[in-house]
Amino acid sequence: MRSAQQILADSAVIAVVGASRDPGKAAHRVPAQMQRYGWRIIPVNPTVDELFGERAYASLADIPHPVDLVDVFRPAWDAVGVVREAVAIGAPAVWLQLGIVSPEARRIAEEAGVDYVEDRCLIIERAAGDLTRLG
């Protein structure tokens with residue numbers, strides 16, 4: 001299993017499940033900052049058409065191209081379903097944001113051979129590793 005920073009270093013396209021249009025929420029600030037550092041952010045939110053200048057999708061299954069990482073901003077009880085979807089689309093890694101922990105989601109990911117991170121923040125790990133996708 002790759003470390004959190006290795007997952008970020010290896011990922012170019014991040015699908016963000018639960019991405020928010022509210023700039024006051026972490027589910028907006030975190031993906032926006034990752035985008036500023038060069039990651040392509042694909043918002044997954046059934047209530048919006050576009051976020052961060054990218055088309056938004058209602059579900060992971062609706063995204064018409066591969067993603068490198070599925071980032072989850074949903075309550076822990078939703079994480080199991082999201083991880084099942086991530087496995088179904090062939091995502092190589094799943095990341096549950098700070099405060100989100102799910103032993104069942106972890107089990108599903110591990111059994112599928114999917115790298116799994118929980119209870120950690122993308123922007124904290126990005127900063128700690130001084131990571132960027134900018135040229």
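Contact is taken here to mean heavy atoms within 4.5 Å. In the predicted model, leucine 60 is in contact with Ala15, Val17, Val44, Val70, Val82, Glu85, Ala86 and Ile89, its neighbours within four places in sequence being left aside.

Leucine 60 also belongs to the largest nonpolar core, which has 25 residues; Leu60, Ile63, Val70 and Val94 are the members that touch the most others. At least two residues of this core come from each of strand 1, strand 2 (40–44), strand 5 (69–72), helix 3 (76–88), strand 6 (93–96) and helix 4 (103–112). Helix 3 provides the largest share, five residues. Apart from this core lies another, of 24 residues, with Ile7, Leu51, Phe73 and Leu131 among them. In soluble globular proteins, nonpolar side chains tend to be buried together.

The protein chain as a whole contains five helices and seven strands. Their order from the N terminus is α-β-α-β-β-β-β-α-β-α-β-α. The radius of gyration is 13 Å, close to the 14 Å given by the globule rule for 135 residues, so the protein chain is as compact as a globular protein of that length. Along the principal axes, the C-alpha atoms fill a box of roughly 35 × 35 × 25 Å. Of the 135 residues, 48% count as buried. Among contacts with a separation of 6 or more, 63% are between residues 24 or more positions apart. Charged side chains comprise 14 positive and 18 negative ones, and the centres of the two sets lie 3 Å apart.

Isoleucine 14 is located in strand 1 (residues 13–17). Its relative accessible area is 0%, and the residue is therefore buried, the cut-off being under 20%. Beyond its neighbours within four places in sequence, isoleucine 14 is in contact with Met34, Trp39, Arg40, Ile41, Ile42, Leu69, Asp71 and Leu122. A separation of 9.6 Å is found between the C-alpha atoms of isoleucine 14 and valine 94, which are 80 residues apart along the chain.

Met34, one of the contacts of isoleucine 14, is also one of the buried residues of helix 2 (residues 26–36). The buried residues of helix 2 pack against helix 1 (4–10), strand 1, strand 2, strand 3 (50–51) and helix 5. Glycine 38 follows helix 2 and has a positive phi, near 105°.

Most residues other than glycine have a negative phi. Aspartate 119, which is not a glycine, has a positive phi of about 60°. Aspartate 119 is found in the loop between strand 7 (115–117) and helix 5 (122–128). With a relative accessible area of 35%, aspartate 119 is partly exposed. Aspartate 130 likewise has a positive phi, of about 50°, although it is not a glycine. Aspartate 130 is placed in the segment after helix 5. Its relative accessibility is 66%, so aspartate 130 counts as exposed, the cut-off being over 50%.

Notes:
Residues are numbered from 1 along each chain as its sequence is written. This is a predicted model: local features need pLDDT of at least 70, side-chain atom pairs count only at pLDDT 80 or more; totals for chains, interfaces and linings use all residues. Side-chain values use heavy atoms; hydrogens and water are left out. Helices (H or I, at least four residues) and strands (E, at least two) are DSSP runs, numbered from the N terminus. Buried means under 20% relative accessible area, exposed over 50%, partly exposed in between (1.4 Å probe, protein chains only). A nonpolar core is a set of buried Ala, Val, Leu, Ile, Met, Phe, Trp, Tyr and Cys residues joined through side-chain atoms within 4.5 Å. The radius of gyration is taken over C-alpha atoms; the globule rule is 2.2 Å times the number of residues to the power 0.38. Lys and Arg count as positive and Asp and Glu as negative; His and the chain ends are not counted. The place of a charge is taken as NZ of Lys, CZ of Arg, CG of Asp or CD of Glu.
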